Amino acid sequence: MGAINSRLAEICRQHQALLLREEEESITVAVSGAPAPLLLEALRFADQRQIMLEEWPQARLEQRRAVTPQADERAGAPAASVATQIDRILLHAVQRRASDIHIEPCAEGVQVRLRIDGVLQPLQTFSSAQQAPLIARLKILANLDIAERRLPQDGQFSLSLQGEATAFRLATLPVRRGEKAVIRLLQSESQDLRPEQLGMSPAALAHFYRALAQPQGLILVTGPTGSGKTFTLYSGLSHLNQPEKNLCSVEDPVEIPLEGVNQTQINPRAGLDFQRVLRALLRQDPDVIMLGEIRDTESAEIALKAAQTGHLVLSTLHTNSTTETLTRLRQMGIAGYLLASALRLVIAQRLARRLCPHCRFPAEKVEGLPARLWPGSLQNWQATGCDHCFSGYYGRLALFELLPINTELQAAIAADADSETLMALAQRQNLPSLLASGLDAVNRGETSLAEIYRVIGLEHD
């Protein structure tokens, strides 16, 4: 068997397949699912040998693709151009469902890691000599200053990968050994944005729809970075996207283009910040306003006043729970009466890794959990990793905690009640907390108790 034919390997890569081996009379290709007709046609045109197909699980194919460039380099294959290397990194990230790419200088050279299902995983390492060219190529793509290495820079770019336009956001930062780059993969418009696809329980979804049906008010989605807040906002916006309504948004950046929504991206360099765009939007006769994030007191006050004057406002805030959101807004200087009259619903959420259904198995039951969280024993689950997942996890599920603002809570917020009183009133609504939602997912076998503790912790019990 000879060396792998680079032309055949490239044809396979373009069609999300993998060239495994070449023999005198045949070539063997790994695919996930049915092979694309164009793949077979291109291979037959390029080579007359018989094509043998092996069907692999998607995760195994992703894993093998990820190590292929390193294997080629070790085998003494010619070094690819910097542009080709960047394209390969971006393609691997898309194929492996990564949300972010980290390219960072380290003692061994340049390390590339992918954040997959919320956890960083190594992809490959380049030599130190390649660090500057890789970062320069990314800066060129994002239209940044390649000569500026002392200050952070931010930009965006799009590339056509496997025939589809894919958008990325680039952020660079000076570090001890050079510059680090983080690339965020922006969501595509082809995703299903219906609220029922979020994974909320029927009761939680009913509360969400009820808040979205209000003619005015504020809906807040809270949680740390990477908890899926923006996707929940887009789902609500998509549900409200009707021809008879004027929908406007101010975002940093526009992550999912939505037809029918007037989306504005901030540009701080040009003086176009959140506050300026938000004030301008109020003069655009909007019915619904989406504010990507409440960042300070001024943006919070503008959003709340808009929510009081005939607009439905959707936004996010970085807090850990629903009741903590009420406390945080008051700490920002928002008057209780203003918050009470405007706020309609608070959603706190997290994303937990989903156990692989092919290798999960029941673990030891957990006893002694607080009865208000989980009565009786809890069935825990584990997964060892297999050809379908490699790590025991594949994909993620969303966990939600909802706090509808009812009459009692409105009165307490307006009266500047303390956090203990607000928490007691919230618990009287008998809606599950984030931890309780997580424990229910564990008992169903969707995730593990260790994963719930990792993403939620024990402080919210």
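# Close-up views of a predicted model

**View 1. Ile294 and its contacts.** Leaving aside neighbours within four places in sequence, Ile294 is in contact with Leu220, Ser299, Ala300, Ala303, Ser315, Thr316, Leu317 and Met332. Contact means heavy atoms within 4.5 Å. This is a predicted model: local features need pLDDT of at least 70, side-chain atom pairs count only at pLDDT 80 or more, and totals for chains, interfaces and linings use all residues. Residues are numbered from 1 along each chain as its sequence is written, and side-chain values use heavy atoms, with hydrogens and water left out.

**View 2. The largest nonpolar core.** This core has 39 residues. Ile294 and Leu343 have the most contacts inside it. Helix H9 (residues 297-308) gives the largest share, six residues. A nonpolar core is a set of buried Ala, Val, Leu, Ile, Met, Phe, Trp, Tyr and Cys residues joined through side-chain atoms within 4.5 Å. Buried means under 20% relative accessible area, exposed over 50%, and partly exposed in between (1.4 Å probe, protein chains only). In soluble globular proteins, nonpolar side chains tend to be buried together.

**View 3. Helix H10, residues 322-331.** Which residues of H10 are buried? They are Thr322, Thr323, Thr325, Leu326 and Leu329. These residues cover an arc of only 155 degrees around the axis, which puts them on the same side of H10. The arc is that of the directions from the helix axis to the C-beta atoms. Helices (H or I, at least four residues) and strands (E, at least two) are DSSP runs, numbered from the N terminus. At the start of H10, a side-chain oxygen of Ser321 reaches to within 3.3 Å of the backbone nitrogen of Glu324. After H10 comes Gly333, with a positive phi near 95 degrees.

**View 4. Leu326 in helix H10.** Leu326 is found in H10. Its relative accessible area is 1%, so Leu326 is buried. Leaving aside neighbours within four places in sequence, Leu326 is in contact with Leu339, Leu343, Leu403, Ile413 and Leu422. Take Ile413: Leu326 and Ile413 are 87 residues apart in sequence, and 8.0 Å apart in space, C-alpha to C-alpha.

View 5. Six strands form an open sheet in the order E6-E5-E4-E9-E8-E7, with antiparallel pairing. Strands E6 (119-126) and E7 (153-161) stand at the edges, each with a single partner strand, so one side of each is left without a neighbour in the sheet. On average, neighbouring strands of this sheet are turned by 25 degrees against each other, direction ignored. Helix H4 (residues 82-95) packs on the sheet, and its direction makes about 80 degrees with that of E7. Helix H5 (residues 131-141) lies across E4, E5, E6, E7, E8 and E9, running at about 45 degrees to E9. Axes are lines fitted to C-alpha atoms, for helices over the stretch in contact, and angles run from 0 to 180 degrees between N-to-C directions.

**View 6. Strand E9 and its partners.** Two strands pair if DSSP finds at least two bridges between them. Four bridges join E4 (residues 98-106) to E9 (residues 178-185), and the two run antiparallel. Ile101 stands opposite Ile183 in E9, and His102 stands opposite Val182 in E9. E8 and E9 pair in the antiparallel sense over eight bridges. They form a hairpin with two residues between them. Pro174 has Glu179 in E9 as its bridge partner.

**View 7. Ser160 in strand E7.** Is Ser160 buried or exposed? Ser160 is exposed, with a relative accessible area of 57%. This residue lies in strand E7. Ser160 and Leu91 are 69 residues apart in sequence and 9.8 Å apart in space, C-alpha to C-alpha.

Definitions and conventions
A polar contact is a pair of N or O atoms within 3.5 Å; within protein, one must be able to donate a hydrogen and the other to accept it, and residues adjacent in sequence count only if both atoms are side-chain atoms.
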